[in-house]
Amino acid sequence: MSNPKVVWDSGIEIAPVYAPEGAEKPGEYPYTRGIHPLMYRQRPWTMRQYSGFGTAAETHERFLFLIKNGNTGLNVAFDLPTQCGLDSDDPMAEGEIGRVGMAVDTLADMEEAFAGIDLNKISVSLTINGSAVAIMAMYFAMAEKRGFPLAELRGTAQNDILKEFVGRGTWIFPVEPSVRLVGDTIEFCARQVPHYSPVSVCGYHIRESGATPAQEMAYGLAIACAYVDHVRARGLDVDEFAQGISFNFDIYGNLWEQIAKFRAGRRLWAKIMKERYGAKNPKAMQLRMIAGGGGAGLTVEQPLNNLVRSAYYALASALSGTQTMALCSYDEAYTIPSEQAAKLSLRTMQILMTEVGACDTVDPLAGSYFVESATDEMEQRIVQVMQKLDAEGGVLTAIAEGRVQADVSRQAYEHKQRVERGEIKKVGVNCFVDDEPSPDVEFHPYRREEAEKQIARLARVRAERSAAEVEKALEAVRAAARDGTNVMPAVIAAVKAYATVGEVCGALVQVFGRYQEPVRF
Amino acid sequence: MTEKPIRVLIAKPGVDGHDVGAKVVCRALMEAGMQVVYTGLRKSPEEIAKAARELDADVVGLSIMSGAHLPLSEKVAASLKQAGVTRAKLLVGGVIPARDRGALEALGVAAVFGVDATLADVVSWVRANAGRAA
């Protein structure tokens with residue numbers, strides 16, 4: 001789509017951008033109004049529903065279903081053992097194989113999941129953190145084998161380990177080596193996979209864990225700065241790598257508060273990159289994001305209400321100038337979405353995009369006294385939270401000591417109490433409640449035989465590969481981890497020899513040790 | 001002599017990292033005057049049983065959001081038995097379909113709290129059922 005005319009039924013022609021003389025325009029620093037001059041008038045947001053379950057074969061089918069229905073990207077869910085660096089035959093994996101996402105043990109699984117999918121047309125996002133080096137290595141190895149050169153490969157890995165210590169919890173290694181591994185992926189991609197986003201910094205899960213929208217943005221930007229500081233200390237310039245850092249934010253609650261949060265966050269990130277880090281490359285200053293989800297806003301009571309909530313979240317996301325959108329489906333408060341629910345999420349975005357004019361003009365709320373004032377005040381609030389973090393020793397220490405965790409968990413408790421007391425209204429929960437109880441939650445079927453298939457498949461791969469080659473490759477991973485060399489080339493070599501996720505992470509644990517959680521509530 | 005507080009162990013078995021609910025329940029029980037120990041994430045059934053024995057827990061609450069509540073509860077119940085923790089009441093909280101409640105009760109689970117449970121529900125159940133004389 002390249003900016004065709006937009007004319008309303010009444011004959012009014014709509015310009016891509018409205019701005020008085022001298023006012024900030026979209027695509028201009030500090031990007032309050034959006035990072036591109038024409039935004040959705042040139043290209044609508046990417047629709048990238050989160051999906052994956054069971055084996056690679058089952059997930060592959062769901063991918064094809066979503067693409068057929070208009071998904072323009074894929075956002076891959078991995079099962080918990082994969083996310084925690086455990087193989088499907090590990091005793092801790094029992095009962096969890098393929099349950100909340102796709103089980104991946106070796107490169108063979110990655111190959112099966114993406115078979116036949118054009119990786120140039122469908123941009124793939126990997127929701128993987130603790131075991132990200134292994135899974136990213138498998139994705140790169142798979143792409144290369146399929147004939148997609150790394151120099152041109154697009155896509156995103158979530159790979160934001162710092163937020164995993166606050167919410168979500170798929171950490172493996174202690175904080176310091178975890179950040180070093182993120183640094184390895186950023187450096188590797190800056191040099192070898194320049195169009196790939198190796199990190200998507202998530203305010204999302206911190207918000208879901210109890211943070212306010214201002215804190216969500218502040219913690220997200222502070223965490224992004226921690227990665228930037230780490231990579232700069234290696235001697236790289238922000239203009240070389242910062243474009244690889246993207247963001248993932250949450251939408252639920254007050255519509256206007258979300259919009260102010262995004263406009264303010266975008267402006268602040270640009271200022272930080274330019275003023276603090278001396279960025280000259282506009283791409284290094286532009287906050288690119290996926291915004292949507294809203295899981296914490298959904299309810300198990302009257303689940304169809306979630307469809308309506310999601311539609312409003314989608315509107316907030318579009319009015320905020322997101323690059324990519326994913327919505328939680330109406331049944332996602334309790335299960336992996338059914339095909340019908342996943343399709344309705346896609347249709348929600350498609351209706352917004354094509355029927356009601358969400359793409360008509362860029363940043364339509366700009367210049368509203370209300371929205372501009374809220375944006376300014378939101379920026380101040382975000383700065384205040386970031387300054388407090390810095391004054392107390394920085395985000396890394398705050399997370400390592402469990403202070404951020406304790407703060408957001410206390411807020412989650414207070415929020416829950418306020419909902420129970422009726423101070424925060426939730427339709428179907430504490431007002432407009434149905435007389436009859438909500439129907440029982442319908443789970444995505446979990447098939448034990450699929451888990452057994454996965455374990456058998458892993459055994460077969462283990463039997464067919466060269467054990468000596470795998471051991472040699474894992475020794476190279478350990479050596480790189482020990483001596484500070486970038487681990488990515490060694491990990492890619494290891495997964496090409498069909499080393500498993502568990503073996504690669506196990507090799508790294510031998511060098512780095514395991515994270516000891518500061519248990520606070 | 002003042003009465004000893006009710007002792008509760010809240011545990012995260014398996015590999016599910018979603019702990020907002022577990023921590024919120026911990027705080028609610030603590031503010032209700034109980035002694036609460038939270039295990040942190042990713043604990044094996046044996047680790048949970050050991051922690052329950054060390055605390056001499058009146059109640060052991062498992063938080064499970066991944067859907068693996070049946071196999072995980074079965075393993076924890078067995079480990080508790082093996083460790084000689086027979087007095088503690090076992091609770092399960094999380095995303096639990098109503099139709100699985102019978103199977104959980106058959107495993108020895110005394111109460112199940114779904115996502116629509118209130119903090120007040122949990123606190124009053126524990127107070128009434130912790131197995132102490134009033």
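Visitor: How many helices and strands are there in chain B?

Guide: In this predicted model, chain B has five strands and five helices. Along the sequence they run in the pattern β-α-β-α-β-α-β-α-β-α.

Visitor: What makes chain B as compact as a globular protein of that length?

Guide: The globule rule gives 14 Å for 134 residues, and the radius of gyration of chain B is 13 Å, close to that value, so chain B counts as compact for a globular protein of that length. Taken along the principal axes, the box filled by the C-alpha atoms of chain B is roughly 45 × 30 × 25 Å.

Visitor: What share of the residues of chain B count as buried?

Guide: A residue is buried if 20 or more other C-beta atoms lie within 10 Å of its own. Of the 134 residues of chain B, 52% count as buried.

Visitor: Which contacts in chain B join residues at least 24 apart?

Guide: Two residues are in contact if their C-beta atoms lie within 7 Å. Taking the contacts in chain B between residues at least 6 apart in sequence, 74% join residues at least 24 apart.

Visitor: How many residues does the contact take from chain A and from chain B?

Guide: Chain A gives 31 residues and chain B gives 31 residues. On the side of chain B that touches chain A, the elements giving two or more residues are helix 1 (20-31), helix 3 (69-82) and helix 5 (119-129). Helix 1 of chain B supplies the largest share of that side, six residues.

Visitor: What kinds of residues make up the side of chain B that touches chain A?

Guide: That side divides into 16 nonpolar, eight polar and seven charged residues.

How values were computed
Residues numbered from 1 in each chain as written. Chains lettered and ligands numbered in written order. Predicted model: local features only at pLDDT ≥ 70, side-chain atom pairs only at ≥ 80, totals over all residues. Helix = DSSP H or I, 4+ residues; strand = E, 2+ residues; numbered from the N terminus. Nonpolar A, V, L, I, M, F, W, Y, C, P; charged D, E, K, R; others polar. Rg over C-alpha atoms; globule rule 2.2 N^0.38 Å. Buried ≥ 20, exposed ≤ 12 C-beta atoms within 10 Å, placed from the backbone.
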